[in-house]
Amino acid sequence: MSLSNIRIVLIQTSHPGNIGSAARAMKTMGLSDLCLVNPKHFPDPQASIMSSNADDILQTATLVNDLQQAVADCHSVIGTSARHQRSLSWNTFNPRHCGEFVAENLAKNKKIALVFGRERTGLTNEELSLCHHLVHIPTNPDYSSLNLASAVQILSYECRMGSTDIQSSSHALDEELINTKEMEGFYQHLENALIDVKFLDPDNPRYLMPRLRRLYGRIDITRSELKLLRGMLSAFQGRKFTRRKK
Ligand code: SAH
């Protein structure tokens, strides 16, 4: 099983040294896909110094402008949080469960993103709404915030440990699963349809869409199932949809 299907996403990192240390943490655990969302300073000599001999990870890192771009081709997005609770109650993993979950999904040929927040403020609620799951590393409740690269180290380690337990890809589905970008098109359609049928009030949306994202994010959806869902939405909207001919 390949750990290369795990992407580490660092959002708006302030200190380039943390990017280098995170690259080193990844390389020690056999991970290689690093994506940087709007880093404050990169490339930077401090990043290279802290990466030690993991400079190759920095050189192949991708730079993007937002989280949506960073995870467009991923099937599952796991956010990390130094805090245990947010307003929307999440099904929060601990690192061990996260490692097992990642390994199971790698065995299904899925691409997984682990998303790390800003040093001072973590992830925004909007970024969290793009995550299907959340992981929190248990810590001293009075001092719960780890250094960014330490958090990358712990979660990369657990992914590696989880993967050694699951070696076969016997769970692989025959049909291709859809990625985050394709799901975004579905969510947009779902939101419009719910507004059309007056189930969702755009002036008072509450947590309806984040809740639905969380629900759909928990399951594997294949391409034909997505077509089915979108066909249903079009039917609810009274629009034409193309039925598959037998
Ligand atoms: N004050 C911020 C702390 C950010 S620490 C907050 O409350 O969110 C920077 C990043 O390191 C976090 O966004 C997260 O990605 C990671 N991190 C730090 N401590 C963590 C923990 N206990 N569990 C999971 N991730 C953690």
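This is a predicted model: local features need pLDDT of at least 70, side-chain atom pairs count only at pLDDT 80 or more; totals for chains, interfaces and linings use all residues.
**Around the ligand**

- The ligand has 20 residues surrounding it, and Thr-80, Arg-83, Arg-120, Ile-137 and Leu-146 are the closest.
- Thr-80 uses its side chain here: one of its N or O atoms sits 2.5 Å from an oxygen atom of the ligand.
- With Arg-120 the backbone is involved, as a polar backbone atom lies 2.9 Å from a nitrogen atom of the ligand.
- Ser-144 also has a polar backbone atom by the ligand, 3.1 Å from a nitrogen atom.
- On its own, the ligand would expose 550 Å², and the protein buries 93% of that.

**The nonpolar cores**

- As a bit of background, nonpolar side chains in soluble globular proteins tend to be buried together.
- In this model, the largest nonpolar core has 36 residues, and the members touching the most other members are Ile-8, Leu-10, Leu-34, Leu-114 and Phe-116.
- Two or more residues of this core come from each of these elements: strands β1 (6-11), β2 (33-37) and β6 (112-116), plus helices α1 (16-29), α3 (55-59), α5 (95-107) and α7 (148-165).
- Leaving out residues up to four places away in sequence, Phe-116 touches Ile-8, Val-9, Leu-10, Ile-11, Thr-80, Leu-123, Leu-148, Ala-151, Val-152 and Leu-155.
- There's another core apart from that one, with 17 residues that include Ala-70, Val-77, Leu-128 and Leu-134.

**Arg-7, a buried arginine**

- You'll find Arg-7 in strand β1.
- Arg-7 counts as buried because its relative accessibility is 9%, and the cut-off for buried is under 20%.
- Its side chain makes a polar contact with the side chain of Asp-73, at 2.8 Å.
- Among the residues Arg-7 touches, not counting those up to four places away in sequence, are Asp-33, Cys-35, Ala-70, Lys-111 and Leu-114.
- Arg-7 and Tyr-157 are 150 residues apart in sequence, while their C-alpha atoms are 14 Å apart in space.

**Ser-156, a buried serine**

- Over in helix α7 is Ser-156.
- Ser-156 has a relative accessible area of 0%, so it is buried.
- Beyond residues up to four places away in sequence, Ser-156 touches Ile-8, Met-26, Met-29 and Leu-31.

Methods. Residues are numbered from 1 along each chain as its sequence is written. Side-chain values use heavy atoms; hydrogens and water are left out. A residue is near a molecule or strand if one of its heavy atoms lies within 4 Å of it. A polar contact is a pair of N or O atoms within 3.5 Å; within protein, one must be able to donate a hydrogen and the other to accept it, and residues adjacent in sequence count only if both atoms are side-chain atoms. Accessible areas come from the Shrake-Rupley method with a 1.4 Å probe; for residues, only the protein chains shown count as cover. A nonpolar core is a set of buried Ala, Val, Leu, Ile, Met, Phe, Trp, Tyr and Cys residues joined through side-chain atoms within 4.5 Å. Buried means under 20% relative accessible area, exposed over 50%, partly exposed in between (1.4 Å probe, protein chains only). Helices (H or I, at least four residues) and strands (E, at least two) are DSSP runs, numbered from the N terminus. Contact means heavy atoms within 4.5 Å.
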